[in-house]
Amino acid sequence: MQVSVDFSVNGKVQGVFFRKYTQEKARQLGLYGFVQNNSDGSVSGVLEGDEPKVDIMMDWLQHTGSPASRIESAKFSEKKIIESSQYKSFDIRR
């Protein structure tokens, strides 16, 4: 089953290559979507793909992140079932 989830991660997540590591992990898992920095210091984005792989990515965002990051909290929207991804890859938005 394909699902879509919005996410937001707070803590020391900017200036620590968090977006780059997130992109690499998502691509390894075959996920689609994006990650971006926000003006409040958080990082947010969208994950789309097979539900078990989205679950792995959600756990990674909540507990791992980039080596220099310090995750204080991660929030996720309810999973939405989708027919197909609206994204072509997993990108970093500036």
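Contact, as used here, means that heavy atoms lie within 4.5 Å. The structure is a predicted model, in which local features need pLDDT of at least 70 and side-chain atom pairs count only at pLDDT 80 or more, while totals for chains, interfaces and linings use all residues. Residues are numbered from 1 along each chain as its sequence is written, and side-chain values use heavy atoms, with hydrogens and water left out.

Ser44 is placed in strand E3, residues 43-50; strands (E, at least two residues) and helices (H or I, at least four) are DSSP runs numbered from the N terminus. Because its relative accessibility is 13%, Ser44 counts as buried (under 20% relative accessible area; exposed is over 50% and partly exposed in between, with a 1.4 Å probe and protein chains only). Apart from its neighbours within four places in sequence, Ser44 is in contact with Phe7, Ser8, Phe34, Val35, Gln36 and Asn38. With Asn38, the side chain of Ser44 also forms a polar contact of 3.0 Å, that is, a pair of N or O atoms within 3.5 Å; within protein, one must be able to donate a hydrogen and the other to accept it, and residues adjacent in sequence count only if both atoms are side-chain atoms.

A UniProt record (unreviewed entry) assigns the feature "active site" to Arg19 and Asn37. They span 19 residues in sequence, yet no two of their C-alpha atoms are more than 7.8 Å apart, so they gather at one spot. Arg19 belongs to helix H1, residues 18-28, whereas Asn37 lies in strand E2, residues 32-37. Asn37 is partly exposed, at 31% relative accessible area. Beyond four places in sequence, Asn37 touches Gln14, Arg19, Ser42, Val43 and Arg93.

Terms used
UniProt positions renumbered as here; feature names shortened; annotations may be inferred.
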